[in-house]
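Please look over the sequence and the model shown here before reading on.

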Amino acid sequence: MVEKSALSDDEVLAADLLRGHTDTIVLGILRRTDSYGFEIFKWIRDSTGGRHEIKEATLYASYRRLARDGLIESYWGDETQGGRRKYYRITDAGRAVYLRNVAAWTVTRDLIDTLLDLADRADNRSGGQPA
């Protein structure tokens with residue numbers, strides 16, 4: 001992972017915002033297919049072009065929490081492709097939580113977009129003069 005001090009302020013803020021959504025990110029990946037821990041790590045890194053990584057320790061804490069809450073299940077894969085790997089799959093409860101979290105994120109994002117756009121709308125109403 002890139003050291004926090006090497007990141008710009010914008011990148012640090014984005015990482016802080018994403019951190020609270022680790023479980024939902026994992027559930028979203030597992031909606032597509034069963035996967036093992038390091039593969040999920042690589043998928044996150046690669047799908048963001050390396051701009052975001054979630055530490056493996058953070059991911060494994062997420063897997064334990066999601067399993068404890070019944071949102072994912074784990075099983076051991078076969079050893080035909082190297083070492084034995086623990087795979088994770090999403091449960092029906094996990095799918096429901098994923099959909100609920102995405103809906104909550106959409107409402108939150110729309111609200112933030114609206115609030116951030118208030119200054120532009122105020123300028124337009126006052127003919128470009130600050131309100």
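Predicted model: local features only at pLDDT ≥ 70, side-chain atom pairs only at ≥ 80, totals over all residues.

Residues are numbered from 1 along each chain as its sequence is written, and side-chain values use heavy atoms, with hydrogens and water left out.

The protein chain holds 6 helices and 3 strands, taken as DSSP runs (H or I of at least four residues for helices, E of at least two for strands) and numbered from the N terminus. Read from the N terminus, the order of elements is α-α-β-α-α-β-β-α-α. Of the 131 residues, 27% are buried, that is, under 20% relative accessible area with a 1.4 Å probe, counting protein chains only.

Helix α2, residues 22-32, is mostly covered, with 8 of its 11 residues buried; these are T22, D23, T24, V26, L27, G28, I29 and L30.

Helices α3 (residues 37-47) and α4 (residues 56-68) pack at about 120°, their axes 10 Å apart, where axes are lines fitted to C-alpha atoms over the stretch in contact and angles run from 0 to 180 degrees between N-to-C directions. That angle makes α3 oblique to α4, because angles under 35 degrees count as roughly parallel, over 145 as roughly antiparallel, 65 to 115 as roughly perpendicular and the rest as oblique. In this pair, G37, F38, I40, F41 and I44 of α3 meet E56, L59, Y60 and Y63 of α4, contact meaning heavy atoms within 4.5 Å.

Note on methods:
Buried < 20%, exposed > 50% of the residue type's maximum accessible area, 1.4 Å probe, protein only.
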